[in-house]
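Morning, everyone. Please have the sequence and the 3D view open while I talk.

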Amino acid sequence: MLLLLLGIIVLHVAVLVLLFVSTIVSQWIVGNGHATDLWQNCSTSSSGNIRHCFSSSANEWLQSVQATMILSIIFSVMSLFLFFCQLFTLTKGGRFYITGFFQILAGLCVMSAASIYTVRHPEWHLNSDYSYGFAYILAWVAFPLALLSGVIYVILRKRE
């Protein structure tokens with residue numbers, strides 16, 4: 001049972017790291033010496049040094065992507081906190097429904113954010129020389145992992 005709990009905690013922390021990195025790192029779109037994330041657009045020199053950074057546009061869709069990514073982090077942190085609280089207060093045989101619910105919400109939020117970004121990307125960057133960066137891919141990787149850990153929490157029963 002201890003190994004199962006440790007595995008679930010490691011999966012949850014991995015999802016949290018993926019969510020934090022994908023939200024913070026400036027690599028959602030890359031190409032031609034430019035790197036763009038949810039917060040700013042940066043141009044880099046050939047040596048890799050950042051030259052100029054400007055705030056991202058104030059489009060409503062980009063603000064919704066920012067908000068849902070932040071919500072996914074909040075839900076995932078709340079889920080981890082609730083897991084530890086329920087681990088000590090839940091009766092034997094009880095299920096971690098609330099923990100699983102918040103983790104599934106985190107997965108749905110990150111899926112919504114990445115989907116909106118995918119649909120609206122052509123409007124924002126019409127140049128085809130740009131491609132999706134690793135932070136964008138990490139957001140998509142975090143989606144199924146968050147759903148998986150949420151389902152595991154719902155299935156998990158507390159044992160002694």
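Some ground rules. This is a predicted model, where local features need pLDDT of at least 70 and side-chain atom pairs count only at pLDDT 80 or more, while totals for chains, interfaces and linings use all residues. Residues are numbered from 1 along each chain as its sequence is written, and side-chain values use heavy atoms, with hydrogens and water left out.

Start with the overall layout. The chain has four helices and five strands. These are DSSP runs numbered from the N terminus: helices are H or I with at least four residues, strands are E with at least two. In order from the N terminus, we get α-β-β-β-β-α-α-β-α.

How much of the chain is buried? Of its 160 residues, 41%. Buried means under 20% relative accessible area, exposed means over 50%, and partly exposed is in between, with a 1.4 Å probe and protein chains only. The accessible surface comes to about 8500 Å², and 70% of that belongs to carbon and sulfur atoms. Those areas come from the Shrake-Rupley method with a 1.4 Å probe; for residues, only the protein chains shown count as cover.

Now contacts, meaning heavy atoms within 4.5 Å. Take contacts between residues at least 6 apart in sequence: 71% of them join residues at least 24 apart.

On to the rings. The whole structure holds eleven aromatic pairs. Rings of Phe, Tyr and Trp (its six-membered ring) pair if their centres lie within 6.5 Å; planes under 30 degrees apart are stacked, over 60 edge-to-face, the rest tilted. Look at Phe83 and Tyr153. Their ring centres are 5.1 Å apart and their planes sit at 45°, so this pair is tilted. Phe83 is in helix 2 and Tyr153 in helix 4 (residues 134–155), so the pair ties together parts 70 residues apart in sequence. Phe83 and Tyr153 are buried.

Another tilted pair is Tyr117 with Tyr136, at 6.1 Å centre to centre and 40° between the planes. Tyr117 is in helix 3 (residues 97–124) and Tyr136 in helix 4, 19 residues apart. Both Tyr117 and Tyr136 are buried. They also belong to one aromatic cluster with Trp28, Trp61 and Tyr132.

Next, polar contacts. That means N or O atoms within 3.5 Å; within protein, one must be able to donate a hydrogen and the other to accept it, and residues adjacent in sequence count only if both atoms are side-chain atoms.

Which residue does the side chain of Ser149 meet in a polar contact? Gln103, through its side chain, at 3.0 Å. Ser149 is in helix 4. With a relative accessible area of 1%, Ser149 is buried.

Gln66 is in helix 2. Its relative accessibility is 15%, so Gln66 counts as buried. The Gln66 side chain reaches the backbone oxygen of Leu38 at 2.4 Å. Leaving out neighbours within four places in sequence, Gln66 contacts Leu38 and Trp39.

What about Trp39? It lies in the loop between strand 2 (34–36) and strand 3 (40–44). Its relative accessible area is 34%, so Trp39 is partly exposed.

Last stop: Thr89, in helix 2 (residues 60–89). Is Thr89 buried or exposed? Exposed, because its relative accessibility is 63%. A polar atom of the Thr89 side chain lies 2.8 Å from the backbone oxygen of Cys85.
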